[in-house]
Amino acid sequence: MYDSPALEASVDQKETKIAAKDVQVHYGDTHAIKDVSIDIPAKTVTAFIGPSGCGKSTFLRCLNRMNDTIDICRVTGDILLDGEDIYDKRVDPVQLRAKVGMVFQKPNPFPKSIYDNIAYGPRIHGLARTKADLDVIVEKSLRRGAIWDEVKDRLHAPGTGLSGGQQQRLCIARAVATEPEVLLMDEPCSALDPIATAQVEELIDELRHKFAVVIVTHSMQQAARVSQKTAFFHLGNLVEFGDTGQIFTNPQDPRTESYITGRIG
Amino acid sequence: MTDVSQTPQNAPKTSIHTVDARTKKRNAAERRFKAYGIAAITAGLLVLLVLIGTILSNGLGAFQQTFVTLNVELLESKLDKKGERNLEDIKKVSTFGYAPLLKTAFEEKVAELELETGLKSKDMAAILSKSAAADLRNHVLEDPSRIGTTVEFTFLANSRVDGYLKGRVTRESIANDKKISAAQLDFVDMMVAAGVVKKTFNIDFIIGADASDQRPEAAGIGVAMMGSFFMMLVVLLLALPIGVAASIYLEEFAPKNWITDLIEVNISNLAAVPSIVFGILGLAVFINYMHLPQSAPLVGGLVLTLMTLPTIIISTRASLKAVPPSIRDAALGLGASKMQSVFHHVLPLAAPGILTGTIIGLAQALGETAPLLLIGMIGFIASNAPDSISAGLLSPNSAMPAQIYEWAKRAEPAFYERAWGGIIILLIFLVTMNTIAVILRRRFERRW
Amino acid sequence: MPATWPVSWLVLILLGLSVIGYFLGRQRALASAGGDSRLLHSLPNFYGMNVLLSALIPSAVVLGAWVLIQPMVINSAVSSAIPAEVIAEGSSRDLVMSDVKRVAEGLEIARESGAVTLAEIRALDATQTDIRALLAEVGVALGSDVQPAILKAAQDYRAMSITGSNAMMIIVLLIAIVGFGRSYARTHHEYRARNIVERAVLALLIGAASLAILTTVGIVLSMLFETVNFFGLHDWKDFFFGTVWAPNFRGDSELAIFPLLWGTLYISVVALFVAVPIGLFAAIYLSEYASKAVRGFAKPLLEILAGIPTIVYGLFALVTFGPFLLRMFGDGGVLGVNWMTDARSVATAGIVMGIMLIPFVSSLSDDIINAVPQSLRDGSYGLGATKSETIRQVVLPAALPGIVGAILLAASRAIGETMIVVLGAGAIARLSTNPLDALTTITTRIVSQLTGDGDFASPETLVAFALGLTLFVLTLGLNVLALYIVRKYREQYE
């Protein structure tokens with residue numbers, strides 16, 4: 001079945017990075033997220049699992065206000081980042097997204113060079129004063145994205161020319177280049193082959209040392225492999241949230257159990 | 001794998017509840033950028049508004065015309081000296097013979113109204129159109145028994161008087177004008193007060209023919225409208241069947257090979273060839289080579305057909321493509337031939353789309369001017385409406401846009417008014433056609 | 001019997017024959033099946049259509065081809081028979097041929113009006129009769145007296161035309177009757193009429209589709225022939241490399257394309273300077289910022305600008321916008337500068353043309369911007385970019401090839417536009433760089449050279465064809481390039 005989860009005793013002691021309370025999301029007339037409350041810890045990989053259409057991606061997109069770009073989407077309830085409400089009207093979503101970066105389902109490198117893809121975020125946020133600064137950031141980010149060795153000789157080749165797995169690692173490197181505190185990943189491996197998936201999963205495990213990572217995945221094996229905490233969503237409800245090992249071996253809710261054993265989903 | 005944990009944590013802790021300076025700057029840039037967009041839209045809409053305003057304010061005047069109503073005594077002694085009412089004899093009296101009657105009519109009118117004017121009767125009669133005497137003569141020739149009676153006749157005022165009543169001509173603007181004097185304008189004022197000179201709706205502008213460049217007040221767009229009508233008839237009868245046939249072949253039957261590719265590239269390029277090039281083609285092929293008559297709506301129609309075909313083919317292909325393959329499969333499955341499936345099922349379903357495309361193509365052709373200039377459909381060429389279909393197709397005529405160009409070229413404010421008025425009529429046609437197209441599209445739009 | 005039967009009569013006869021064929025064919029098929037249409041291979045209508053098409057199509061094709069080819073054949077036969085000494089210095093065989101045709105047409109008019117009889121025409125002798133006076137009587141004016149050789153050629157031309165037309169009539173009718181007879185004889189209940197008719201209909205469809213190619217060939221050939229004639233009369237080096245445009249109807253014209261090309265390109269550039277920023281920003285606003293309501297309201301309104309005929313823009317330039325510019329920049333104008341002398345200028349035509357092109361640029365750019373995948377925008381927003389940063393640094397660079405294609409299409413429109421420049425640009429061919437000066441363009445010169453009363457065989461008229469060909473090549477090149485770029489761009493995101 002799936003690998004036995006890496007149980008870490010220290011998980012519970014980590015401070016809370018994002019705290020959501022009674023979050024509701026409406027898409028027009030559809031009630032997409034119902035009363036979700038969850039505390040996402042820092043320096044931990046948290047996985048959102050659940051059948052398709054359960055609202056896990058929608059909830060993820062609330063965490064950096066990507067839902068703002070959709071007109072008919074309405075979010076109520078509190079989502080606190082380090083104790084500050086991100087839906088407060090003083091918050092500029094642009095500034096928020098610099099702290100809460102995002103990686104998408106399909107690799108979406110800009111039609112620019114590899115270098116410019118990485119430099120894009122630091123440039124718009126003004127993170128580099130000189131060209132040399134920028135060079136340092138680009139190299140550091142590509143190393144963090146575990147793709148430096150593959151692209152260091154062709155930094156000025158177009159990013160769209162890379163393979164799917166490389167493109168996704170480039171997108172992760174691009175996201176970490178802005179020095180975010182949280183990294184949201186929306187099914188980052190669903191468009192990749194098994195080898196590329198393994199590379200990205202290894203990378204996610206590395207990233208946990210510096211960021212809070214939230215990953216949406218449709219693969220339970222993946223959740224078991226990379227995450228320390230797992231949240232199970234069903235029909236817009238957060239059914240169960242806990243340590244990954246506990247969720248997979250000893251689920252409390254019958255729905256979670258049905259899903260894990262393959263009866264729903 | 002690189003050790004990521006070694007990178008130093010350098011970013012100072014910031015609150016997301018305070019907007020930092022850089023974000024403020026970026027948001028200002030954002031607002032500026034958005035403002036450019038709004039400015040562009042506003043500029044576009046403003047220009048449209050100015051254009052429509054210009055057209056209406058300059059053109060509406062053409063639908064009104066100044067007329068002078070007088071009682072004219074048709075003296076037998078002048079018009080039919082023999083008194084036999086013989087039409088041939090009466091015809092011998094030229095328009096010069098009628099001019100004195102007009103002067104007399106003015107003198108009598110002034111006497112009747114007990115007006116004081118220093119003008120000679122010749123100058124009073126000069127406020128009429130140059131065609132006044134000819135109009136009166138035609139009236140008499142229509143029914144010679146009118147000779148000897150006094151008739152009430154409504155004359156066109158000349159374009160200066162018309163302009164004066166419409167505010168186009170002022171006392172300042174006529175300082176160097178030989179055609180009219182301040183005293184004559186005073187006289188016009190008096191006649192207006194007496195109700196003799198009046199501005200009324202001018203049906204002749206809509207149904208009449210063009211007039212020579214001395215008589216803008218008599219010019220109408222009706223005959224040119226007939227020219228346009230016959231051209232559109234040719235375009236419709238040729239472009240629709242040919243365009244539909246070509247589209248059916250390309251969409252339903254054509255094999256994928258280089259010839260089909262060539263035809264397709266050709267059609268999309270023909271759609272972007274300047275219209276004047278089609279005019280050159282028409283001149284060289286239809287007139288110089290095939291010796292079709294010059295200035296004929298038939299030739300204009302042929303040229304516009306070639307020009308409109310690509311538009312119709314492109315839109316027809318789009319509507320054929322929109323019919324789902326399942327319809328074709330259903331027909332073929334019942335044993336219909338490919339040809340029958342297309343003509344019995346696909347074509348009727350695509351018909352609304354084809355019709356919409358055709359109307360839009362026709363509207364484009366209706367407004368086209370440049371090719372018509374080259375095949376001679378300009379100038380003062382037709383003074384009567386065609387009386388049969390073959391005359392409509394073959395006798396020289398103009399078309400609405402070409403007539404507008406002709407008036408614009410005469411460089412005289414009274415003709416400019418005509419040109420703007422013509423544009424209003426042309427735009428009414430175009431708006432109607434496009435509205436029908438939009439309604440058709442909305443009404444029959446199908447979602448498969 | 002008249003000397004030539006009008007073609008329209010022939011067409012009517014053909015149509016009548018085919019309609020009769022339809023009913024007879026249908027009837028015969030039914031009769032062969034004993035009146036039971038179920039025994040027929042095809043529906044009865046197909047048998048009728050079979051006879052109709054067999055009578056009509058071959059004869060119509062021959063008729064069309066004959067009408068097109070006969071003048072060419074007669075022309076070359078008569079032309080080559082003209083003795084070389086008749087062709088005067090500075091003239092050409094083509095010029096003489098146009099005289100010949102004029103005389104021949106004049107004789108025909110004279111015959112119709114009853115001034116001469118057929119026999120008299122055949123017996124005419126230029127040394128004895130004053131042909132010029134004879135034709136002047138019936139309203140055909142000739143430039144000079146008719147030489148015997150030309151009269152001879154004209155008589156030949158007339159005779160050949162009449163013989164040709166008569167032969168055409170007989171042959172076409174014969175073909176129609178043979179087609180009718182053959183298909184009628186074959187009509188039988190087992191005959192596969194539907195297959196034959198469908199094949200014929202397919203042939204018609206192919207014919208219709210080929211008309212596009214024929215039109216292009218027609219455009220190229222018609223202009224190419226006259227351009228070759230033009231270069232026979234005028235030095236091609238002057239046309240391409242000269243710098244002066246000074247047509248002179250007494251001859252000795254300088255006809256260089258360069259000043260016209262300069263005016264054309266200058267006005268087009270001004271137009272693009274107006275249309276591209278406004279059109280592009282309008283498209284960006286409509287596709288990225290505007291709410292549904294604003295988009296639904298502003299987009300159709302902007303597109304009205306594209307539906308207004310160019311003559312309207314031309315009149316607007318001539319009567320409203322040009323005089324407005326003159327009041328601003330002219331002598332005693334509002335701004336107190338004297339930079340402008342004529343209401344017609346590069347700026348007048350260019351800016352008005354720019355207005356016309358706004359919706360063209362904006363709707364093309366709108367399509368192209370919408371084709372940029374949403375995932376790229378999301379990627380940028382996810383990194384904390386603002387909307388304008390996303391547009392400027394991600395969307396526009398991604399859409400750039402498509403936008404370049406759209407601008408090239410707009411440029412090709414501007415270069416080929418006629419009415420706005422005819423009314424708004426002026427008629428002075430010079431190499432001025434002042435945008436407030438009047439300049440002239442290729443299209444305006446085509447109109448003025450072809451609408452004058454000039455002799456059709458003079459270089460001053462023929463130059464219009466060389467200009468037209470240049471214009472065609474120029475715009476075709478731009479279109480092909482633009483369509484190629486746009487297509488490549490579309491493929492990238494499909």
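Author: What follows starts at the contacts between chains and then moves into each chain in turn.

Keep in mind that this is a predicted model. Let's begin with chains B and C. Here 73 residues of chain B are in contact with 78 residues of chain C. Put together, chain B and chain C bury about 6,400 Å² between them, and 80% of that area is on carbon and sulfur atoms. How many salt bridges are found across the interface of chain B and chain C? The rule finds one. B:Arg26 forms a salt bridge with C:Glu389, and their closest N and O atoms are 2.7 Å apart.

Now turn to chain B and chain A. On this side, 18 residues of chain B are in contact with 27 residues of chain A. The two chains bury about 2,200 Å² between them, with 51% of it on carbon and sulfur atoms. As for salt bridges, the count between chain B and chain A is zero.

You'll find A:Asp85 in strand E5 of chain A, which covers residues 84-85. Setting aside neighbours within four places in sequence, A:Asp85 is in contact with A:Asp78, A:Ile79, A:Leu80 and A:Val91 from chain A, and with B:Ile16 and B:His17 from chain B. What about its charge? A:Asp85 is buried yet has no salt bridge. The nearest side chain of opposite charge belongs to A:Arg65, and that is 7.3 Å away. A salt bridge needs the nitrogen within 4 Å of a carboxyl oxygen, so a pair has to come within that limit to be counted.

A:Arg65 deserves a look of its own. Its place is in the loop between helix H1 (56-62) and strand E4 (73-81) of chain A. A:Arg65 counts as buried because its relative accessibility is 11%, and the cut-off for buried is under 20%. The backbone is worth a glance too: phi of A:Arg65 is near 60°, a positive value in a residue other than glycine.

A:Asp82 also has a positive phi, of about 50°, although it is not a glycine. A:Asp82 sits in the loop between E4 and E5 of chain A. With a relative accessible area of 32%, A:Asp82 is partly exposed.

Next, the inside of chain B. Chain B is divided into domain 1 (64-201) and domain 2 (222-444). The contact takes six residues from domain 1 of chain B and five residues from domain 2 of chain B. Taken over C-alpha atoms, the centres of these two domains of chain B are separated by 46 Å. Domain 1 of chain B and domain 2 of chain B bury about 380 Å² between them, 32% of it on carbon and sulfur atoms. Across this interface the rule finds three salt bridges. B:Glu412 forms a salt bridge with B:Arg160, with closest N and O atoms 3.9 Å apart.

Chain C has two domains as well: the assignment gives domain 1 (7-224) and domain 2 (254-492). In chain C, 45 Å separate the domain centres, taken over C-alpha atoms. Seven residues of domain 1 of chain C are in contact with six residues of domain 2 of chain C. The area buried between these domains of chain C is about 540 Å², 85% of it on carbon and sulfur atoms. The count of salt bridges between domain 1 of chain C and domain 2 of chain C is zero.

C:Leu107 lies in helix H3 (residues 93-112) of chain C, and counts as buried because its relative accessibility is 0%. Leaving aside neighbours within four places in sequence, C:Leu107 is in contact with C:Ile121, C:Leu124, C:Leu135, C:Leu151 and C:Arg158. The other spot is helix H16 (residues 442-451) of chain C, which is mostly covered, with eight of its ten residues buried. Among the buried residues of H16(C) are C:Ile442, C:Arg445, C:Gln449 and C:Leu450.

Methods: Residues numbered from 1 in each chain as written. Chains lettered and ligands numbered in written order. Predicted model: local features only at pLDDT ≥ 70, side-chain atom pairs only at ≥ 80, totals over all residues. Heavy atoms only, no water. Helix = DSSP H or I, 4+ residues; strand = E, 2+ residues; numbered from the N terminus. Buried < 20%, exposed > 50% of the residue type's maximum accessible area, 1.4 Å probe, protein only. Lys, Arg positive; Asp, Glu negative; His and termini not counted. Contact = heavy atoms within 4.5 Å. Domains from an automatic or database assignment. Buried area = accessible area lost by both parts, 1.4 Å probe.
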